[in-house]
Amino acid sequence: MLAILIAHALAALAAPACIRVLGRNGFLPLALVPAASLGWVIAHWGRTEEVQIEWVPGLSMNLDLRFDDLAAIMCLLVLGVGALVLVYCARYFTSDEPRLGVFAAQMVAFAGAMFGLVTADNMLLLYIFWEATTVLSFLLVGHNSERATSRRAALQALLVTTAGGLAMLVGIIILGEVSGSYLLSDVIAAAPRGWLIDIAVVLLLIGALSKSAIVPMHFWLPGAMAAPTPVSAYLHAAAMVKAGVYLVARLAPGFADTPPWHPTVLVLGIASMLLAGWRALQVYDLKLLLAFGTVSQLGFIIVLVGTGSHDAALAGTTMMLAHALFKGSLFMVVGIIDHATGTRDIRKLAHLGNRAPMLAAIATLAALSMAGFIPLLGFVGKEAALEALAYDDVLGRGAAIATLVGVVLGSVLTVAYSIRFVWDAFASKGRAEASPAVQRMHAPGPLLLSVPALLALGGLAAGIAAQWVDSLLQPYAHTLPGSQSYHLALWHGVGLPLALTVLVLITGALLYLGLDAITRLRPQHALLGNADRAYDAALAGMDRLSGALTRFTQRGSLPLTQATILITLAVVPSIVLAVGTRTGVELRLWDSPMQLAVGAIIVAAALAMTVMRNRLASVLLVGVTGYGCGVVFAVHGAPDLALTQFLVETLTLVVFVLVLRKLPAEVDDRGADRIKLPRAVLAVAVGAMVTIVGTFAVNARSAAPISLALPEAAYELGNGKNVVNVLLVDIRAWDTLGEVSVLLVAATGVASLVFRHRRFGRVPRAADARTEELVAPEEEVTWLRGGDFIPTRQRMLVLEVVTRLLFPTMMVLSVYFFFAGHNAPGGGFAGGLTAGLALVLRYLAGGRYELGEALPVEAGHILGAGLIFSAGTAIVSMLLGAPVLSSATLEVTLPLLGDIKLVTALFFDLGVYLIVVGLVLDVLRSLGVRLDSPQEASNA
Amino acid sequence: MTANVVLLAVIGGLVSCGVYLILERSITRMLLGLILFGNGVNLLILTMAGGDGSPAIVGRTSAGHDTMADPLAQAMVLTAIVITMGLSAFVLALGYRSFRLTTQDRVEDDPEDVKVASRRSPADAPDHDRTDDPATGDPTPFGDAFDAHGNPIPLEELVNLEDIECYDELHTGEIRRVEAGEER
């Protein structure tokens with residue numbers, strides 16, 4: 001069974017290539033796949049095959065396949081009709097049809113998914129295949145995707161069946177959790193009961209009935225006739241719509257006697273049968289006629305398989321077979337008519353039977369089976385159905401009679417629209433000559449005709465060989481209660497069923513004759529058109545709702561949105577604090593008096609910022625708070641933090657100044673005055689909340705913190721004395737990996753915003769400059785080569801000299817920080833930032849060409865190399881079988897240096913170092929060099 | 001654990017000033033506000049982890065401390081500091097670009113949100129195109145007037161005009177009673 005699924009998947013993958021090479025004939029080799037699979041099904045008929053492969057045991061979702069009697073019947077339909085439809089496709093389409101390869105792939109994949117659906121024993125697996133057919137049906141119905149009609153129909157089918165599918169999923173989960181197993185075979189054998197199960201059954205039925213297009217979820221099926229005819233013949237006659245029938249048939253042995261089952265299945269089934277049957281008598285499009293006929297027939301079959309007795313199940317499966325044969329055949333006939341004459345409108349067809357007698361014969365044979373005429377399979381099935389309902393021993397007496405009456409009335413309609421199909425499509429209808437469409441028609445080819453002919457003859461053969469069909473279907477029927485005595489046969493003798501059949505045929509014929517008179521009596525509104533409009537109204541309503549919600553929540557004002565977030569931040573924790581349990585509050589004034597002194601400066605700077613309009617002054621003030629924090633870190637016992645904070649603060653200051661030189665000195669705060677007071681209130685509220693909640697939070701800490709164990713872990717396992725650094729590169733290296741990725745993205749973002757296009761490239765060097773830019777004489781000895789391009793008045797020789805002397809020192813310091821970081825303050829971040837500051841110095845002293853002189857490498861390459869080092873360490877440790885990002889210590893003896901202890905986390909830290917350097921270089925290149933360039937200066 | 005009053009007050013001050021600035025429309029001021037807020041939160045993380053102590057380096061002690069300051073909080077704050085630098089650079093570049101385009105570094109109301117708010121008919125929604133009815137947004141036959149390659153064609157050239165008609169019948173639920181055999 002697994003091989004069949006895999007074969008279909010492979011065939012689907014190969015289909016586009018196959019169609020490209022062979023054109024439309026490529027469908028023929030593809031048809032071999034379902035045909036060969038059908039051979040397997042026939043070879044294993046009557047046996048039960050199981051495949052169990054573990055997949056996601058935690059969710060009870062495993063590849064459990066089970067091939068039993070019911071699955072065999074379904075496979076016969078799915079694979080048999082599937083193979084024939086593919087053959088039909090080989091002549092229906094022309095080779096130059098757009099997207100034909102993809103279409104073929106979808107058809108084959110659909111056959112595979114249907115096979116999986118009917119053989120899946122695990123209910124979650126069933127759901128997966130179920131939705132796979134839904135998605136494929138969406139794609140197939142929307143094959144003519146350039147058309148709005150086609151897209152709308154596809155979307156409608158998708159939405160309706162997916163909504164049902166989701167309901168079904170909930171039902172599956174309830175059923176699986178209550179019964180303790182997700183295997184269909186277990187669940188049906190156990191057949192648990194209870195109100196929860198009743199809900200599950202209703203949800204499952206919603207899924208099944210929406211898939212099988214039962215009223216009131218039927219409207220997608222006529223709409224889906226926008227699909228190419230082979231799709232209609234396969235999905236909407238033989239396969240997909242039968243998935244719902246299959247599910248009902250599958251569940252019936254276990255759940256047919258739950259309270260909600262019969263009311264749902266019987267009432268909706270009969271309603272579909274009658275309403276759609278009536279509608280089929282009104283439409284003029286042959287395909288629509290068949291579509292409504294299908295809804296009607298599906299209602300009939302659902303009633304039969306849902307009754308839950310042996311006889312009805314036998315009748316239901318027989319009708320299912322018969323329906324696949326005659327409806328598939330009829331759809332193909334309509335496809336041929338459409339192809340040959342260019343129309344499907346019965347008002348435009350006359351004398352078609354004379355011009356295409358073979359086609360008329362096929363259609364008549366199939367339609368006779370649909371009407372239930374002896375000796376076709378439709379007759380056998382209908383006899384069995386009438387017998388089962390008339391002598392029912394499962395339903396109550398009243399329900400059985402009501403159902404019987406409904407079925408008889410529905411059958412009358414079926415007979416009428418069967419006659420209408422054949423007569424109105426093929427007859428001369430009293431006209432003297434063929435209609436223009438028919439006169440222009442071309443004769444259909446033999447291969448195209450052979451497929452519907454085969455299906456129609458199949459209905460005849462199966463009818464004659466009713467006893468043989470009986471032997472195929474009995475095993476499943478025996479799983480249901482009720483008298484087990486009924487057998488399918490062509491002739492049961494004269495009795496109530498036969499009398500009813502004759503009555504149905506006569507009344508149906510009369511109905512057709514009187515159709516014009518009857519339809520004139522009633523208003524021209526169809527009974528079922530409203531479901532489609534209800535669907536539209538529901539969609540429009542949801543559009544309106546989402547529009548209103550968007551308008552309400554997304555006002556477009558950033559301050560308003562932020563205020564909403566901040567108000568929530570202030571209010572929600574306060575409420576929790578007010579109503580929740582609180583610990584007592586113990587306070588200490590400070591850790592050291594230094595905190596008070598620095599804190600006062602910080603707060604004063606922050607307050608000054610709120611009234612400062614000058615950008616540069618604001619930046620300096622924010623720098624004061626930053627350096628202040630650095631001091632707090634330093635006295636707190638966090639040298640790494642203090643170091644990093646000082647370096648970052650300096651760099652940030654430079655970056656700010658680089659950008660601010662291009663912006664006006666004062667900020668534009670128009671409109672800010674109006675909302676000063678509410679802003680201040682909110683600001684104080686948030687600040688107070690943070691302080692108060694922080695006070696309570698710190699008092700609530702009672703357990704020993706995890707950090708007590710960290711120094712030992714860092715030293716013993718991470719081989720480093722600097723706990724913070726070991727945390728960054730080893731213990732919590734995942735965080736750092738994420739962080740450096742963010743830095744990389746930020747660097748790329750900065751460059752993209754400034755350069756807009758062609759963001760990659762090296763920083764220009766002195767050699768790249770045009771000679772006329774050169775200010776200083778070339779032969780003179782110079783301290784910084786880039787400085788030669790700075791106008792003499794702006795050049796600062798002292799700075800250049802200092803830079804020339806300081807740069808190597810800073811780089812050595814940077815390397816020291818990097819290497820020492822594992823055991824002393826420093827590390828990749830501090831080292832990288834120091835190197836970055838050295839670059840900043842070179843740039844500030846030597847101008848735009850000096851940066852390229854200092855580091856003639858593309859920033860992107862440095863960033864990329866850094867990420868390779870960091871991520872590479874992670875991957876290598878994984879490849880070596882260790883957990884991701886775990887570090888090891890290598891001890892090597894080198895000739896001169898002696899024993900060296902190398903922690904692999906150093907490579908990770910090297911990545912961090914490179915990314916920080918790359919970030920600084922990219923920022924300088926963008927916000928520094930590029931902003932200096934004439935391009936940015938000219939149109940400022 | 002006890003709460004450090006001075007530090008918490010400083011944190012409250014930083015957060016308040018940060019929030020005050022964040023609620024402006026100038027990108028520079030918002031960024032500065034965010035940095036202030038971030039500095040406050042960094043201090044908050046630090047003080048939440050406990051009091052001061054020796055440096056978080058095994059084997060090093062400082063005078064007056066017999067315990068190590070919490071290294072976990074320090075690692076978190078270190079990450080935050082560096083991220084803030086990257087973020088600042090990015091927002092500054094954003095502000096610069098905004099200034100180059102609009103000559104001001106202000107965040108005006110989001111035009112897309114304004115557009116949603118001023119939508120008058122369903123046809124204005126982005127999932128409708130020009131083939132839909134401009135007043136109601138309902139699909140019209142013109143939505144089908146495309147050839148197999150997606151190029152628009154006149155409605156008259158459409159091969160399967162019938163498909164649209166039968167769809168229309170299906171949708172409205174109205175069926176034209178035309179005498180059988182009548183040719184249009």
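## Charges over a ring

A charge sits over a ring if NZ of Lys or CZ of Arg is within 6 Å of the ring centre and within 35 degrees of the ring normal. In this predicted model, Arg420(A) lies over the face of Tyr284(A), 5.6 Å from the ring centre. Tyr284(A) also has the charged end of Arg347(A) over its ring, at 3.9 Å from the centre.

## Aromatic pairs

Over all chains, the count is 13 aromatic pairs. One of them joins Phe27(A) and Phe93(A): the ring centres are 6.2 Å apart and the planes meet at 20°, so the pair is stacked. Phe27(A) belongs to helix α2 (residues 27-43), while Phe93(A) is in the loop between α3 (69-92) and α4 (100-119). The pair therefore ties together parts 66 residues apart in sequence. Phe27(A) and Phe93(A) are both buried.

Phe110(A) and Tyr234(A) pair edge-to-face, with 5.5 Å centre to centre and 75° between the planes. Phe110(A) is in helix α4 and Tyr234(A) in helix α10 (residues 229-238), so this contact ties together parts 124 residues apart in sequence. Both residues, Phe110(A) and Tyr234(A), are buried.

Ring pairs also build a cluster. Its members are Phe27(A), Tyr88(A), Tyr92(A), Phe93(A) and Phe103(A).

## A nonpolar surface patch

Which residues form a nonpolar patch on the surface? They are Ile567(A), Val571(A), Val572(A), Ile575(A), Val576(A) and Val579(A). Together they have about 530 Å² of accessible area.

Val572(A) is found in helix α25 (residues 558-579) of chain A. Val572(A) is partly exposed, because its relative accessible area is 42%.

How values were computed. Residues are numbered from 1 along each chain as its sequence is written. Chains are lettered from A and ligands numbered from 1 in the order in which they are written. This is a predicted model: local features need pLDDT of at least 70, side-chain atom pairs count only at pLDDT 80 or more; totals for chains, interfaces and linings use all residues. Side-chain values use heavy atoms; hydrogens and water are left out. Patches are made of residues with over 30% relative accessible area and no salt bridge: like charges are joined within 9 Å, nonpolar side chains (Val, Leu, Ile, Met, Phe, Trp, Tyr) within 5 Å. Accessible areas come from the Shrake-Rupley method with a 1.4 Å probe; for residues, only the protein chains shown count as cover. A salt bridge is a side-chain nitrogen of Lys or Arg within 4 Å of a carboxyl oxygen of Asp or Glu. Helices (H or I, at least four residues) and strands (E, at least two) are DSSP runs, numbered from the N terminus. Buried means under 20% relative accessible area, exposed over 50%, partly exposed in between (1.4 Å probe, protein chains only). Rings of Phe, Tyr and Trp (its six-membered ring) pair if their centres lie within 6.5 Å; planes under 30 degrees apart count as stacked, over 60 as edge-to-face and the rest as tilted.
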